[in-house]
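Subject: The model, and what turned up in it

Hi there,

Here is the structure I promised to pass on. Please have a look at it first, and my notes follow below.

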Amino acid sequence: EAPHKFESALEAVTELRKLPKANDQYLEPFVIVDASGSSVGPIQDNDAVVLFNYRSDRMVEISKAFEYEDFKAFDRVRYPKGLKFAGMLQYDGDLKLPAKYLVPPPFIEKTSGEYMVKNGMN
């Protein structure tokens, strides 16, 4: 369970930014709840989730939580069955995470390594 509960994302960000270690890249975990304190958006069986983030380390971590049924880095409470999960990109080509993604990895050519080899540098 998240340590902080708020009734809106704006309230969450506004309040959590006041904490000493908060910055643009780190806010403590939170959940959006209704007036009775119940989560308004829990991921249920057969839901679809599309995530994006330019920080691949964060995307790999959350992809593991959604894709690995035996994930143990934190308590997910339950693993939704039939979840359809995709990332904007494939953030880790070695681990193939996420397994499904919306935009294929770019083909990168003319790298500095290719340039150095072509010019006899070692």
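Is phenylalanine 66 buried or exposed? Phenylalanine 66 is buried, with a relative accessible area of 14%; buried means under 20% relative accessible area, exposed over 50%, and partly exposed in between, using a 1.4 Å probe and protein chains only.

Before the rest, two words on how to read the values. This is a predicted model, in which local features need pLDDT of at least 70 and side-chain atom pairs count only at pLDDT 80 or more, while totals for chains, interfaces and linings use all residues. Residues are numbered from 1 along each chain as its sequence is written, and side-chain values use heavy atoms, with hydrogens and water left out.

The overall picture

The chain has three helices and four strands, which follow the pattern β-α-β-β-α-β-α along the sequence. The radius of gyration is 19 Å, well over the 14 Å that the globule rule gives for 122 residues, so the chain is more spread out than a compact globule. That radius is taken over C-alpha atoms, and the rule is 2.2 Å times the number of residues to the power 0.38. Helices (H or I, at least four residues) and strands (E, at least two) are DSSP runs, numbered from the N terminus. Along its principal axes, the C-alpha trace spans about 70 × 40 × 25 Å.

Of the 122 residues, 18% count as buried. The chain exposes about 9,400 Å², and carbon and sulfur atoms supply 56% of that area; the areas come from the Shrake-Rupley method with a 1.4 Å probe, and for residues only the protein chains shown count as cover. Among contacts between residues at least 6 apart in sequence, 49% join residues at least 24 apart, where contact means heavy atoms within 4.5 Å.

The aromatic pairs

The structure holds three aromatic pairs. Rings of Phe, Tyr and Trp (its six-membered ring) pair if their centres lie within 6.5 Å; planes under 30 degrees apart count as stacked, over 60 as edge-to-face and the rest as tilted.

One of the pairs is made by phenylalanine 6 and phenylalanine 30: their ring centres are 6.3 Å apart and their planes at 75°, so this pair is edge-to-face. It links distant parts of the chain, with phenylalanine 6 in strand β1 (residues 4-6) and phenylalanine 30 in strand β2 (residues 30-32), 24 residues apart. Phenylalanine 6 is buried at 10% relative accessible area, whereas phenylalanine 30 counts as partly exposed at 33%.

Another pair brings us back to phenylalanine 66. The rings of phenylalanine 66 and phenylalanine 85 have their centres 4.9 Å apart and their planes at 25°, so the pair is stacked. This pair also links distant parts of the chain: phenylalanine 66 is in helix α2 (residues 56-67) and phenylalanine 85 in strand β4, 19 residues apart. Phenylalanine 85 counts as buried, at 7% relative accessibility.

The loop between β4 and α3

Which residues does glutamine 90 touch, not counting those up to four places away in sequence? They are Lys96, Leu97, Pro98, Tyr101, Val103 and Pro105. Glutamine 90 is found in the loop between β4 (84-87) and α3 (112-118), and it is buried, with a relative accessible area of 18%.

Two of those partners have backbone features to look at. Most residues other than glycine have a negative phi, and most peptide bonds are trans. Lysine 96, in the loop between β4 and α3, has a positive phi near 60°. A cis peptide bond joins leucine 97 and proline 98, with omega about -15°.

Other loops

Valine 77 also has a positive phi, about 75°, although it is not a glycine. It is found in the loop between α2 and β4 and is exposed, with a relative accessible area of 66%.

Leucine 19 is in the loop between α1 and β2 and counts as partly exposed at 30% relative accessibility. Leaving aside neighbours within four places in sequence, leucine 19 is in contact with His4 and Glu28. Aspartate 24 is found in the loop between α1 (9-16) and β2 and is exposed, with a relative accessible area of 74%.

Best wishes
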